[in-house]
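Visitor: I would like to learn how to read a few structural features. Please take them one at a time, with the general idea before the case.

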Amino acid sequence: MNIKHIVAIFGAVAVAVGLVAGVAQAGGGGGGVFGLIINELMVIPATGEKEWVELWNKGTEDIDLAGWKLTELTSPQTASSTENTLLDLLGVIPAGGLMAFDVGTTKLNNAGDSVGLYNANGIEVGRITYGTTTLFPSDVGAPSAGYSTALKFVGWKAVVSPTKNLLNRGWWQE
């Protein structure tokens, strides 16, 4: 066995362990009840671009998003913060597929917010909280302009090179 084989084996083990750990986190996109997780989001996009939330179907069956929704908080830094619908979802995400949803230009709060994913039965199956909020503990700090926030093998991280509609790069590629 040469060094390339050892690196490939180590990488495969890291992916398997990281995915299990990332999905098992309390707030980190978690849920995954139906194999669908929040995988990445862009909060402060480049000028002229839109904010977006990316979902990853890590399951073995296609998922029809009819009736699913994304939510976010109004006034997340205050005690009177409430959760509102960010976007009603439509479409089908194939098994193993990714789908990013543009959510606007000023919907996500730059200093902190919490994005929830709810299935057609109204059950929360995922959540990512960033920055400062009053309702939920934060998974990661508030992102900088142009950086996305992505689920990595060791939790949520700020990413210099967003990977919209692509699998997130591993920690060894940062």
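Guide: A nonpolar core is a set of buried Ala, Val, Leu, Ile, Met, Phe, Trp, Tyr and Cys residues joined through side-chain atoms within 4.5 Å. Buried here means under 20% relative accessible area. Keep in mind that this is a predicted model.

Visitor: How many residues does the largest nonpolar core have, and which have the most contacts inside it?

Guide: In soluble globular proteins, nonpolar side chains tend to be buried together. In this model the largest such core has 28 residues, and Leu41, Val53, Leu55 and Leu117 have the most contacts inside it. Two or more residues come from each of strands E1 (36-42), E2 (51-57), E7 (98-104), E8 (112-118) and E9 (124-131). E1 gives the largest share, four residues.

Visitor: Over how many bridges do E4 and E5 pair?

Guide: Strand E4 (residues 69-74) pairs with E5 over six bridges, in the antiparallel sense. As one example of a bridge, glutamate 72 has asparagine 84 in E5 as its partner.

Visitor: Where is leucine 87 found, and is leucine 87 buried or partly exposed?

Guide: Leucine 87 is in strand E5, which covers residues 82-88. Its relative accessible area is 22%. Buried requires a value under 20%, so leucine 87 counts as partly exposed. Not counting residues up to four places away in sequence, leucine 87 touches Trp68, Lys69, Leu70, Phe101, Asp102 and Val103. A C-alpha distance can be read as well: leucine 87 and valine 53 are 34 residues apart along the chain, and their C-alpha atoms are separated by 10.0 Å.

Visitor: Next, charged pairs. How many salt bridges does a search of the whole structure find?

Guide: To count, a side-chain nitrogen of Lys or Arg must lie within 4 Å of a carboxyl oxygen of Asp or Glu. The search finds three salt bridges. Arginine 127 forms one with glutamate 83, with the closest N and O atoms 2.5 Å apart. This pair links distant parts of the chain, since arginine 127 is in strand E9 and glutamate 83 in strand E5, 44 residues apart. Arginine 127 also meets glutamate 124 in a salt bridge, at 2.8 Å from N to O.

Visitor: What salt bridge does lysine 164 form?

Guide: Its partner is aspartate 102, with the closest N and O atoms 2.9 Å apart. Lysine 164 is in the segment after strand E11 (155-159) and aspartate 102 is in strand E7, so the pair ties together parts 62 residues apart in sequence. Lysine 164 is partly exposed, at 34% relative accessibility, and aspartate 102 is partly exposed, at 40%.

Definitions and conventions:
Residues numbered from 1 in each chain as written. Predicted model: local features only at pLDDT ≥ 70, side-chain atom pairs only at ≥ 80, totals over all residues. Heavy atoms only, no water. Buried < 20%, exposed > 50% of the residue type's maximum accessible area, 1.4 Å probe, protein only. Contact = heavy atoms within 4.5 Å. Pairing = 2+ DSSP bridges.
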